[in-house]
Amino acid sequence: MIDRYSRQTIFSSIGEEGQRRLGNSCVVIIGCGALGAIIATSLVRAGVGKVRIIDRDFIEYHNLQRQVLFDEEDIKDELPKAIAAERHLRKVNSSVEIEGIVADVNYTNIERLVTGANLILDGLDNLETRFLINDASLKHKIPWVYGGAISSYGMTMNIIPRETPCFRCLQASPISRGIALTCDTAGVISPAPFIIGSLQTTEAMKILVGAGEINRDLIMIDVWKDEFTRLKIGHRTDCPACRGEYEFLEARFGIRTASLCGQNAVQVLNPESGEISLKTLATHLEPLGEVSYNKFMLRFRVDSYEMVIFPDGRAIVKNTDDESLARGLYAKYIGM
Ligand SMILES: [Zn+2]
């Protein structure tokens, strides 16, 4: 089996000892879209011993443009991303223990899902779950590699508990962000997540083999504008997470959903959204479905669903009583 990794062990910063460390490591990848797919395929090929892949979504045609682990067969088979990823990657490297888990990661399950991990990798498309990863990481002293990509740009940073600044040092508060852009409203071209996912993978390898030279800055890249930026991030003295207050794990913030009895609808409450401009939201959503709004609410029809969104960030998702689906639609079209 050593021969499989020969090109990696010849690379002196990894070597045979580094390869053994990779083989004895367990990583958890949260989110398996474009970023997660690049990270998962690279780390399974690199021989990381255990790879757990968690994702809540199914595969759609518009994913195939950038999510390299999936194909048209997976869509015909209606496979969730985590399951399709597991099936494809088992064929790539049967010596790796690969576990695909279909789940919405939230404060009730994240600590269980990261149990035993040496490292957490962020393949997410929403901020709320990143704050949750940050809490779980600091609480359990598991490093994580933040990564995000949208449009033609992306960013990444390593968070090593008790060493580097954390994600809340970087992004102080989730409050008053208004509308967050998402890949569904701003689009994304594949090189942005590919390059960010590749940087995350490199940092993962460095952390797992115990290399001293890990990156301690925020790296930002715009592939379309050829802009490469490195920013020093400092510890924030008033950072609750660094002080051991895990507000997201304790669910003091965050999206709440409630199925509205007998109405075939789910209410989504987002205390972090702050006041949102329905006019701005309408311009984001108009290319994607049917939109009408007044100053009190915005009505958006897409596929077989209808969403009614209020200026305080609250939404009602009609034609479903599935809370996790409603939460997903909210994340997709309004952002969190
Ligand atoms: Zn912090």
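# Reading features in a predicted model

Modeller: The charged end of arginine 314 lies over the ring of phenylalanine 310, at 4.0 Å from the ring's centre. This is a predicted model, and the other features below are read from it too.

Biologist: Let us take the metal first. Which residues are the protein donors of the zinc ion?

Modeller: The donors are the SG atoms of Cys166, Cys169, Cys239 and Cys242, which lie 2.3 Å from the zinc ion. Along the chain, these donors follow the spacing C-x2-C-x69-C-x2-C. Both cysteine 166 and cysteine 169 are buried.

Biologist: What arrangement do the four donor atoms make around the zinc ion?

Modeller: Start with the general idea. For four tetrahedral donors the ideal angle at a metal is 109.5 degrees. Here the four donor atoms subtend angles of 101 to 118° around the zinc ion, so the arrangement is tetrahedral.

Biologist: What touches glycine 234, leaving out residues up to four places away in sequence?

Modeller: Glycine 234 touches Pro165 and Cys169 on that count. Cys169 is one of the zinc donors. Glycine 234 sits in the loop between strand 8 and strand 9 and, because its relative accessible area is 46%, it is partly exposed. Its C-alpha atom is 12 Å from that of methionine 157, which is 77 residues away along the chain.

Biologist: Next, the rings. How many aromatic pairs does the structure hold?

Modeller: It holds six aromatic pairs. One of them joins phenylalanine 131 and phenylalanine 248, with 4.7 Å centre to centre and 10° between the planes, and this pair is stacked. The two residues are 117 apart in the chain: phenylalanine 131 is in helix 7 (residues 127-140), and phenylalanine 248 is in the loop between strand 8 (227-231) and strand 9 (256-260).

Biologist: Is phenylalanine 131 buried or exposed?

Modeller: Phenylalanine 131 is buried, because its relative accessibility is 0%. Phenylalanine 248, with a relative accessible area of 4%, is buried.

Biologist: Why is the pair of phenylalanine 300 and tyrosine 333 edge-to-face?

Modeller: A pair of aromatic rings is described by the distance of the centres and the angle of the planes. For phenylalanine 300 and tyrosine 333 the centres are 5.1 Å apart and the planes are at 70°, so the pair is edge-to-face. The cut-off for that label is over 60 degrees. Phenylalanine 300 belongs to strand 12 (residues 298-302) and tyrosine 333 to helix 12 (residues 323-333), so the pair ties together parts 33 residues apart in sequence. Phenylalanine 300 and tyrosine 333 are buried.

Biologist: Which residues do ring pairs link into a cluster?

Modeller: The cluster consists of Phe131, Trp144, Tyr146, Phe167 and Phe248.

Biologist: What does leucine 43 touch, not counting residues up to four places away in sequence?

Modeller: Leucine 43 touches Val27, Val48, Leu121, Thr201, Ala204 and Met205.

Biologist: Where is alanine 192 found?

Modeller: Alanine 192 is found in helix 10. It counts as buried, because its relative accessibility is 1%. Beyond four places in sequence, alanine 192 touches Ala149, Ser151, Ser152, Tyr153 and Val223. The C-alpha atoms of alanine 192 and arginine 66 are 9.6 Å apart, although the two residues are separated by 126 residues along the chain.

Biologist: Last, the backbone. Which phi does lysine 141 have, positive or negative?

Modeller: Most residues other than glycine have a negative phi. Lysine 141 has a positive phi of about 55° although it is not a glycine. It lies in the loop between helix 7 and strand 5 (144-150). Arginine 162, also not a glycine, has a positive phi of about 70°. It lies in the loop between strand 6 (153-159) and helix 8 (167-170). At 73% relative accessibility, arginine 162 is exposed, whereas lysine 141, at 47%, is partly exposed.

Notes. Residues are numbered from 1 along each chain as its sequence is written. This is a predicted model: local features need pLDDT of at least 70, side-chain atom pairs count only at pLDDT 80 or more; totals for chains, interfaces and linings use all residues. Side-chain values use heavy atoms; hydrogens and water are left out. Donors are N, O and S atoms within 2.8 Å of the metal (3.2 Å for Na, K and Ca); water is not among the atoms, so sites may look incomplete. Four donors count as tetrahedral if all angles lie between 85 and 135 degrees; four count as square planar and six as octahedral if opposite donors are over 155 degrees apart and all others between 65 and 115; anything else is irregular. Buried means under 20% relative accessible area, exposed over 50%, partly exposed in between (1.4 Å probe, protein chains only). Rings of Phe, Tyr and Trp (its six-membered ring) pair if their centres lie within 6.5 Å; planes under 30 degrees apart count as stacked, over 60 as edge-to-face and the rest as tilted. Helices (H or I, at least four residues) and strands (E, at least two) are DSSP runs, numbered from the N terminus. A charge sits over a ring if NZ of Lys or CZ of Arg is within 6 Å of the ring centre and within 35 degrees of the ring normal. Contact means heavy atoms within 4.5 Å.
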